[in-house]
Structures are given as C-alpha cells and as structure tokens.
Amino acid sequence: MAITPPEPKFTASEAFERLLEVLYTLRVECPWDKKQTMESLRHLTIEEMYELADAILEEDHQEIKKELGDILMHLVFYARIAEEKQLFTIIDVLNAICDKLISRHPHIYSDVEVKDDEEVKQNWESIKLKEGNKSVLAGVPKSLPALVKAFRIQDKVRGVGFDWDDKTQVWAKVEEEMSEFKAEYNIESGEIDQEKAEAEFGDLLFSLINYARHIGINPENALEKTNKKFIHRFTYLEQKAKEAGQNLQDMSLAEMDVYWNEAKKIK
C-alpha cells in the first residue's frame with residue numbers, strides 16, 4: 001500500500017521537518033535506504049560535494065539548489081543512522097553547531113571587540129586551542145587534495161600570526177623557490193635529480209599558493225577554471241578537426257593551433 005507523501009511546507013522549520021519525515025520513512029520502507037551505513041554513504045557524500053563545487057564555479061543556481069538539497073539529505077541520513085545506534089540525534093547535531101558558533105563569535109554574543117575579519121579568524125583559532133585542540137593544524141583533514149590542503153594550512157597558521165607581513169615578501173619567496181628548483185633541474189642539459197627536483201617543485205607550488213592567498217585568489221578555484229577553459233578549447237579543436245576530416249594524430253601543432261586560437265575567441 002502506497003504511503004501518502006507529506007505536502008510541501010513554506011517555513012524553514014516545517015520544510016526541515018518534512019525532510020526528516022521523508023528520510024525516516026525511506027529508512028524504514030526502502031530496501032536501498034535500509035542497507036546504507038555511514039561508510040557506504042561516505043563516497044557518495046564526497047561526490048555530492050564535488051558536484052556542488054562544480055555548480056558554484058559554473059554559477060548554475062538551479063544546480064546549486066539541487067546539490068545543497070542532496071548534501072542536506074546526506075547530513076540527515078548520517079544523523080538518522082547515528083540515532084538508530086543511540087549515538088546522537090539530529091537535534092544534538094543542530095544544537096552542537098549552534099553552541100560552537102555562539103562560542104566562537106564572542107564579538108557577537110559577548111563583549112569582545114574586533115576591528116576586522118582577521119581578528120575574527122585569530123579569535124576563532126585561539127578559542128579552538130582553548131577547547132582542547134592540540135594544534136592549530138589539527139582541523140585540516142588528512143584526505144584533502146594537496147592544493148586545497150596547502151591553502152588551508154597557510155590560512156590556519158595566519159590565524160595565529162604566522163604569516164608574511166607583505167605580499168612582496170611572499171613573491172620574493174616564490175622567486176627563491178623557482179631558483180632552487182631550476183638548480184635541481186638543468187633545463188638546457190636535461191639533467192635532473194628526480195627526488196630533489198620534486199621536493200623543490202613542491203616548495204615552489206606551496207609558495208605560489210601562498211602568494212595567491214595574499215592577493216585574494218583561491219588557487220583551487222583558479223586552477224579548476226583553467227581546467228574547464230582548457231577542456232572547452234580542446235573539445236572545440238577536436239570538433240573542428242573532425243568536421244574537416246582531419247585526425248589529430250596526423251596534424252602538426254601549428255595546424256592544431258589554428259583551431260585553438262579560434263576557440264580562445266569564443267567564451
């Protein structure tokens with residue numbers, strides 16, 4: 001016998017209750033939903049986060065809305081599984097995040113004064129240490145992609161004052177790391193100590209990410225936009241070559257550049 005679905009609601013609290021009702025019903029009635037565990041949902045949640053990140057870069061607001069819904073459903077799902085195991089409930093989750101936000105914003109909920117967002121970040125990191133975090137970097141997930149992790153590491157230590165005062169100092173560090181990389185990789189001769197060159201290249205990337213942060217560029221977003229731009233242009237090149245009856249493998253770089261330069265003129 002079919003279950004009557006709950007009607008759409010028009011306040012935030014009622015709409016959230018509707019989601020809880022739907023998810024809890026599926027957890028009992030649907031064979032797939034009943035089987036899920038936190039571990040089985042984990043990779044799906046990661047996938048949803050990447051889909052949201054793509055939608056944000058594409059500025060696709062309808063897709064952002066959809067992906068936010070998917071992620072919210074996952075959060076409720078995890079809490080429901082925990083509740084079944086008598087670990088915690090969605091109410092515990094909501095109250096815990098509210099308590100944390102209140103605690104870490106003493107300039108709003110207490111008499112602490114701040115002059116800018118940097119002081120807010122510094123207070124945030126100091127409060128975390130007082131709460132029991134053993135290190136400022138304890139909150140950086142080990143499984144983050146390396147580029148994102150580098151940015152987060154740098155941003156975290158900035159919160160306690162471990163940072164360059166001026167972006168010109170950061171650029172000087174970039175140039176220093178470039179020189180050290182070149183020293184390990186002789187471009188003209190091609191001679192290279194692979195292990196040392198890799199280490200120096202890592203240092204160079206880290207310093208470039210640091211410089212990007214200092215001038216207000218998110219390096220992950222910047223690189224992904226470049227990835228998308230490259231894919232668009234190369235796909236155009238493939239399409240035009242195919243229309244002309246040409247095979248990419250048989251074309252010279254100069255011939256391919258003709259289509260590539262056409263693609264650059266198209267958004």
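W171 is found in helix α9, which runs over residues 167–184. Please keep in mind that this is a predicted model. The relative accessible area of W171 is 37%, so this tryptophan counts as partly exposed.

K173 and E177 form a salt bridge, in which the closest N and O atoms are 3.3 Å apart. Why are these two about one helical turn from each other? They are four residues apart in helix α9, and that spacing is about one turn. Is each partner buried or exposed, or something in between? K173 has a relative accessibility of 25% and therefore counts as partly exposed. E177 has a relative accessible area of 6%, so this glutamate is buried.

Now move to helix α4, which covers residues 61–84 and holds R80. Here is another salt bridge: the side chains of E83 and R80 meet with an N to O distance of 3.4 Å. Both residues lie in helix α4, three residues apart, which is about one turn of the helix. The two partners fall on either side of the 20% cut-off for being buried. R80 counts as buried because its relative accessibility is 18%, and under 20% is the condition for that label. E83 is partly exposed, with a relative accessible area of 28%.

What does R80 touch when its neighbours within four places in sequence are left aside? R80 is in contact with L23, Y24 and R27. Side chains of opposite charge can pair when their charged atoms come close.

From there, turn to helix α1, residues 12–29, where T25 is found. With a relative accessible area of 29%, T25 is partly exposed. Its side chain reaches the backbone oxygen of E21 at 2.8 Å. Leaving aside neighbours within four places in sequence, T25 is in contact with I3 and C30. For a sense of scale, compare the position of T25 with that of M256: the two are 231 residues apart in sequence, and their C-alpha atoms are 56 Å apart in space.

How many disulfides does a search of the whole structure find? The search finds zero.

E118 pairs with R158, and the closest N and O atoms are 3.1 Å apart. This pair links distant parts of the chain, with E118 in helix α7 (residues 117–130) and R158 in helix α8 (residues 146–158), 40 residues apart. R158 has a relative accessibility of 24% and so counts as partly exposed.

Which residues surround R158 once its neighbours within four places in sequence are left aside? R158 is in contact with its salt-bridge partner E118, and also with D163, W164, R213 and H214. Another pair of positions shows how separate stretches of chain come together here: R158 and Q122 are 36 residues apart along the chain, while their C-alpha atoms are separated by 7.9 Å.

To place these pairs in context, the count for the model comes to 15 salt bridges. Among them are K173 with E177 in helix α9, E83 with R80 in helix α4, and E118 with R158, which links helix α7 to helix α8.

Notes: Residues are numbered from 1 along each chain as its sequence is written. This is a predicted model: local features need pLDDT of at least 70, side-chain atom pairs count only at pLDDT 80 or more; totals for chains, interfaces and linings use all residues. Side-chain values use heavy atoms; hydrogens and water are left out. A disulfide is a pair of cysteine sulfur atoms within 2.5 Å. Contact means heavy atoms within 4.5 Å. Buried means under 20% relative accessible area, exposed over 50%, partly exposed in between (1.4 Å probe, protein chains only). A polar contact is a pair of N or O atoms within 3.5 Å; within protein, one must be able to donate a hydrogen and the other to accept it, and residues adjacent in sequence count only if both atoms are side-chain atoms. A salt bridge is a side-chain nitrogen of Lys or Arg within 4 Å of a carboxyl oxygen of Asp or Glu.
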